[in-house]
Amino acid sequence: MVATRNITDLNVLVTPDVDDIMLIVEKLSATSTEAKQITWGNVQEALQDIVASQLTDSATVDFTYDDVNGTLTAAVLNNTSTQKSIFTDGTTSSTRQEAIFIDGPGVNVVVADQILNDRASITINNTGVVNAATASVSGNAFTFLNSVNTDNDGTKSINFKALKLGSSILSASSTDGGNSLTLDIDASQININNLDSSNPLAVNLGGTGATAANIARNNLGAAKSGANSDISSLSGLSTALSIGQGGTGDSTASGALANLQGLSSAVGVGSSGEQVVFQSSTLVSGSYRAEFKGIKPTGQNYITVATDGSDIALGANPNNLFDGISGVRNANGARITNAGAPVNSGDLVTKAYLDAQTTGLDIKESVRAATTGNIAGSYSNGAQTLTANSNGAAVIDGETLNLNDRVLVFQQSTGTQNGIYSLTTIGDASTPFVLTRSDDFNQSSEIGAGSFTYVEAGTVNSGKSFVQTVRNPIIDTTALTFSVFGESAIGNNSISNAKLQQVSEATIKGRSPSSGTGNVSDLSADQVIAVLNSASSATINAARVTQLTANQLVSSLNNATNALDAGTY
């Protein structure tokens, strides 16, 4: 038994056993109370009765009492309306007591109730096409069905044969907005020679009505071609047979000849020179022909004759032409260029050869400009090109070069790059200029000592000529040196007294005052004095200074002294 406690001490009560006694004191009035005694088991039973009285659904819920353990269990009865299921299609779920199966395309669902087995039977039927077969017909039939295949999921697919045209005679096209396939015959693809020859097409149908040529001609009223062996004669013709019919198209010889484009004769119409017509018309072996003269070279072979397609090509044999020259001939001021170097004593010589012999120089064609310093660029031995390091046009010694202008490059830091070049790429804002060794200065045999060239333009080098001074150089291997050979312009401070023309004694060269600009001349003494007097200060009187004797000098000094004393000087 637990100790007697006030009801206010409920917080310290422990869970009672079934046999424990609970004492409840009820205050009846201000002056009296009544105590009642009840066990915990009685309380449990009373509570169970209260709960049981609240649960009235005995058809679907089963209640079980356990007095020993003091428990009340409620369970839903099987096959009652309170049971529900969850239905899902994988995306959407529904919790309902009943599921409705709805037919869909190609699917029919049948539900049956099996009471004895306490279950529902659901049958799903496929109402779509599950198989295909070819209908049986009499005669030769063609089936479009190729096969019926069963897929992995149990469904079936039908494979049809493709419609393929056997030749170009047949054509197929999609018609009626793609709802039909139209087959037709392309008559242009039918070769009449492929038709059945055992049944020839009648004449009234456009045929010959025969399988033999002679019968066909008889049916058509036609003559045999070729030798015309079955035509003995022609008579009653009112119109000449055309050329296409084997005739001439005219009843006269001249008209027939014109229609047939026949040649009656050949005539030379030239008013001078040799005629090429040999015979205008001659009968040879039963036919007429025109005969022409042949064309052949003379015995000296000054000209050549050859056939060039449909032409006769006439040429000149230059060696034979020169061989035939004799006597004095006037060249009419013409120049012979590109001649070779002389070999024999009687050979003509070129100007370059003559200049070289008289000057000891190998004369090269002049250049437009010459460099004034190193050209920053890259050199290619194989291509013999000097390409600038930066983009832009080529400007050498103040000259903006044009394509193929020649340039003397003689101040490269790498001396093997020196030489005579031609501008092969002008250069612009996006392209560097390129210099290529000139054709007359790109081999070792052309760059030897004495190679000479003249500079036509430029701020510094215009009028100068240069000569290469290194003996036996090798192109792109030997550093080349060019020295100034001469110059037409006289440089500043470049003429010494020894180079001036000699003059007579007591002579001064110049221009007298008020004579304007012109060539210098020998000045007289008076002109020299006039030049001196033209100075702005410290002038000399224009009077002539003469030589005085001693007496004249004394007298002049006395006169000067007297003037000074008198204050008149």
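This is a predicted model: local features need pLDDT of at least 70, side-chain atom pairs count only at pLDDT 80 or more; totals for chains, interfaces and linings use all residues.

User: How many aromatic pairs does a search of the whole structure find?

Analyst: The search finds three.

User: Why is the pair of Phe410 and Phe466 called tilted?

Analyst: The ring centres are 4.8 Å apart, and the limit for a pair is within 6.5 Å. The planes stand at 45°. Stacked needs under 30 degrees and edge-to-face over 60, so the rest count as tilted. The pair of Phe410 and Phe466 is therefore tilted.

User: What makes this pair a tie between parts of the chain?

Analyst: Phe410 lies in the loop between β23 and β24, and Phe466 in strand β27. These parts are 56 residues apart in sequence, so the pair ties them together.

User: Are Phe410 and Phe466 buried or exposed?

Analyst: Buried means under 20% relative accessible area. Phe410 has 15%, so Phe410 is buried. Phe466 has 2%, so Phe466 is buried too.

User: Why is Phe485 called partly exposed?

Analyst: Exposed means over 50%, and buried means under 20%. Phe485 has 49%, so the label is partly exposed.

User: Which strands form the open sheet, and in what order?

Analyst: The order is β17-β26-β27-β28, with mixed pairing.

User: How do you know which strands stand at the edges?

Analyst: β17 and β28 each have a single partner strand. One side of each is therefore left without a neighbour in the sheet.

User: What makes β17 and β26 a pair?

Analyst: Pairing needs at least two bridges. Two bridges join these strands, which run parallel. Asp362 has Ser451 in β26 as its bridge partner.

Definitions and conventions: Residues are numbered from 1 along each chain as its sequence is written. Side-chain values use heavy atoms; hydrogens and water are left out. Rings of Phe, Tyr and Trp (its six-membered ring) pair if their centres lie within 6.5 Å; planes under 30 degrees apart count as stacked, over 60 as edge-to-face and the rest as tilted. Helices (H or I, at least four residues) and strands (E, at least two) are DSSP runs, numbered from the N terminus. Buried means under 20% relative accessible area, exposed over 50%, partly exposed in between (1.4 Å probe, protein chains only).
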